[in-house]
Amino acid sequence: MADFIHSTDTELKKRLEFLMTIDKMKSIYRQTLLTDKSRRETDAEHSWHIAVMAMLLAPYAPEGVDTDRCVKMCLVHDLVEIYAGDTFCYDEKAGMDKEERERLAADRLFSSLPKEDGEELKNLWIEFDKQETPDALFSASLDRLQPFMHNMLTDGHTWRKGKVTRAQVEKRAGVIKEGIPAVWDIVCKMIDEGEKKGYIS
């Protein structure tokens, strides 16, 4: 990035440069269509959307979940795609080196921040990715629920594109059962409807 920020405050300069770097998220397109079917959504739009979902679905989060932390996790979880790119979740071949690509991207991206900030964001990203804590499970459930609902509103766009089976959809959405149990029954009914309408092969 061009050296356009002039400041003797090194940490402030790094934060401002990072904020300009993550503007690239607005140009990274996912497979998911917007609900009006006009175009694919960007990483930035997706992250904003699930962060708002974390706020509004907070009453349905399992006991012990810190939804304020989850909002942060949702905003951070796809930042590495600035360098690693978006990987279609149903593309097994593309997913083979995903972990390594994203690890290298995380090292590059988060190390550009002041040490404490970089470690905080990287640790949130790692926690989300591992899906082992209640906060991570809730956040990951939102990450699965949002494109799931988009598929239902776009005639199964990404499911049909990837010739996705019911078993694959159930496996991908499975984290929702534990992360947001209150919506699992709704998800199951949508899967039935998606199969009936031919959205799922």
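Which helix axes come within 9 Å of each other, and at roughly what angle do they cross? This is a predicted model, in which local features need pLDDT of at least 70, side-chain atom pairs count only at pLDDT 80 or more, and totals for chains, interfaces and linings use all residues. Residues are numbered from 1 along each chain as its sequence is written, and side-chain values use heavy atoms, with hydrogens and water left out.

**View 1. The crossing of helices α3 and α7.** The axes of α3 (residues 67–76) and α7 (residues 134–153) come within 9 Å and cross at roughly 50°; axes are lines fitted to C-alpha atoms over the stretch in contact, and angles run from 0 to 180 degrees between N-to-C directions. Helices are DSSP runs (H or I, at least four residues), as strands are (E, at least two), numbered from the N terminus.

**View 2. The largest pocket.** About 1,200 Å³ of space lies in the largest pocket, a volume being the space filled by probe spheres set on grid points joined across faces, edges and corners. A pocket is an open set of points on a 1 Å grid over the protein atoms alone, where a 1.4 Å probe fits, with protein on both sides within 12 Å along at least five of seven lines, and lining residues have an atom within 4 Å of a point. Helix α7 supplies the largest share of this lining, six residues.

**View 3. The second largest pocket.** About 270 Å³ of space lies in the second largest pocket. Its lining has 15 residues, with Phe18, Leu19, Ile22, Leu79 and Leu121 nearest the centre.
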